[in-house]
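Colleague: Could you pick one residue and look at it closely? Then please carry on through the rest of the structure, in plain words.

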Amino acid sequence: MKKIDFRSDTVSWPTPQMREAMATAEVGDDVYGDDPTVNKLQELAAEMTGKEAGLFVTSGTQGNQVALAAHCNRGDEAIVGFDSHIFKYEAGGAGVLSSITVLPLQTDDIGRLDPDQIRQFIRVDDPHLPSSRLICAENSSGGNHGAALPVSYFKELREVADEHGLSVHLDGARVFNATAALGIDIKELAQYVDSISICLSKGLCSPAGSIVVGSEEIIYKARRARKMFGGGLRQAGILASAGILSLTDMTQRLDQDHKCAKMLAEGLAQLPYIDIDPEKCYTNMVFFGLTEDAPMSETDITGRLKDEFDILMGGTYGAGFRAVTHYWIDEDKVAKTLGAMKTILTQ
Ligand SMILES: *Cc1c(COP(=O)(O)O)cnc(C)c1O
């Protein structure tokens, strides 16, 4: 592929092996629970995370939303990070779909909620108040340069949750990037949370789909919510066959994406007018900006990258650039991108 696309890891196409697996996947009607490939994916995800059950869903957003619905009743409250995907980027789904209120709390520079602050905000039993029910964490933290949050943080969240009879949901859209960066098995994190939603279609290259894992009871409820939200699929084994390769193969190579991100961050730090802290490159995301004296704008740069070099790079929701590495970006492409940036910035 000629184009170099850094806009997100969601742009990653399925691998040739995935295409092959999809073409030959054994399928059934998954709403009846009859699709052997979906069942295999769900069992594999449960086994890898040390949970009882898994549920294939259409997207990361749906994974979080069915988990919220499974954990909470109408009028319950979920504590979330103010910069989390669940709070900012799911179109208000918790309120709209499940009548749940969300309480957004401040996070630190890598996206951690403060356990003591959570304690302060847990509601007493009073008819005026919503009922505290769930704590949501995110790992890696997309709003904080893709930082990988350590196991110790999840242990602390578990303690707070247990003190007050709450559950913990992990938005693990990129959790395998986090565990690769931390050098740990996902079970080490998973033991402290009640459910995890994992995207198969970001760095793990599947064409679509996410997986939610948790106890039999939570997954039973999540399955009902999935049907209600319109996510019951039929011969979904075609997608799940790619998802199996995501979990078995693609989780093993994420260090390569992290290496490319680091190479990009360190290379950009050498260029004029670039404002970047390469230390804040934790996984597969690189955030950077322009210095005030830069003689061109961010849109000039993204425009020239696209028109002259076939390189796509996104802006963040605030200001600046975001580059995300994935399976289809290797060291050569990073080097080419650094060359293009140098040309644009110096000529
Ligand atoms: C991408 C992402 C999601 C949502 O995934 P979609 O498949 O785009 O719905 C949820 N949480 C986080 C942290 C994400 O990065």
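Modeller: D310 counts as partly exposed because its relative accessibility is 28%. The cut-offs are simple: buried is under 20% relative accessible area, exposed is over 50%, and partly exposed is in between, with a 1.4 Å probe and protein chains only. This is a predicted model, where local features need pLDDT of at least 70 and side-chain atom pairs count only at pLDDT 80 or more, while totals for chains, interfaces and linings use all residues. Residues are numbered from 1 along each chain as its sequence is written, and side-chain values use heavy atoms, with hydrogens and water left out.

Back to D310. Its phi is near 60°, a positive value in a residue that is not glycine. D310 sits in the loop between α13 (298-309) and β11 (311-312). Helices (H or I, at least four residues) and strands (E, at least two) are DSSP runs, numbered from the N terminus.

C205 also has a positive phi, about 75°, and is not a glycine. It belongs to the loop between β7 (195-199) and β8 (210-214). C205 counts as buried because its relative accessibility is 0%.

Another backbone feature is the cis peptide bond between N139 and S140, with omega of about -5°. S140 is in the loop between β5 (131-138) and α7 (151-164).

Now take R112, in the loop between β4 (101-105) and α6 (115-121). R112 has a relative accessible area of 27%, so it is partly exposed. Contact means heavy atoms within 4.5 Å. Beyond its neighbours within four places in sequence, R112 touches Q106, T107, L149, P150 and Y153. Q235 is 123 residues from R112 in sequence, and their C-alpha atoms are 39 Å apart in space.

E77 lies in strand β3 (residues 76-81). At 4% relative accessible area, E77 is buried. With neighbours within four places set aside, its contacts include I100, L103, R123 and L134.

Next, the ligand. The residues around the ligand include S59, G60, T61, H85, E138, D171, C199 and K202; a residue is near a molecule or strand if one of its heavy atoms lies within 4 Å of it. Helix α3 (residues 60-71) gives the most to this shell, with 3 residues. By class, the shell has 2 nonpolar, 5 polar and 5 charged residues. Here Ala, Val, Leu, Ile, Met, Phe, Trp, Tyr, Cys and Pro are nonpolar, Asp, Glu, Lys and Arg are charged, and the others, Gly among them, are polar.

Look at the ligand oxygen atoms. A backbone N or O atom of G60 lies 2.8 Å from one oxygen atom of the ligand. A side-chain N or O atom of T61 is 2.6 Å from an oxygen atom of the ligand. For K202, a side-chain N or O atom is 2.5 Å from an oxygen atom of the ligand. On its own, the ligand has 380 Å² of accessible area, and the protein covers 81% of it. Accessible areas come from the Shrake-Rupley method with a 1.4 Å probe; for residues, only the protein chains shown count as cover.

Finally, the whole chain. Its assignment gives domain 1 (14-251) and domain 2 (253-346); such bounds come from an automatic or database domain assignment. Over C-alpha atoms, the two domain centres are 29 Å apart. The contact between them takes 24 residues from domain 1 and 13 residues from domain 2.

Conventions: A polar contact is a pair of N or O atoms within 3.5 Å; within protein, one must be able to donate a hydrogen and the other to accept it, and residues adjacent in sequence count only if both atoms are side-chain atoms.
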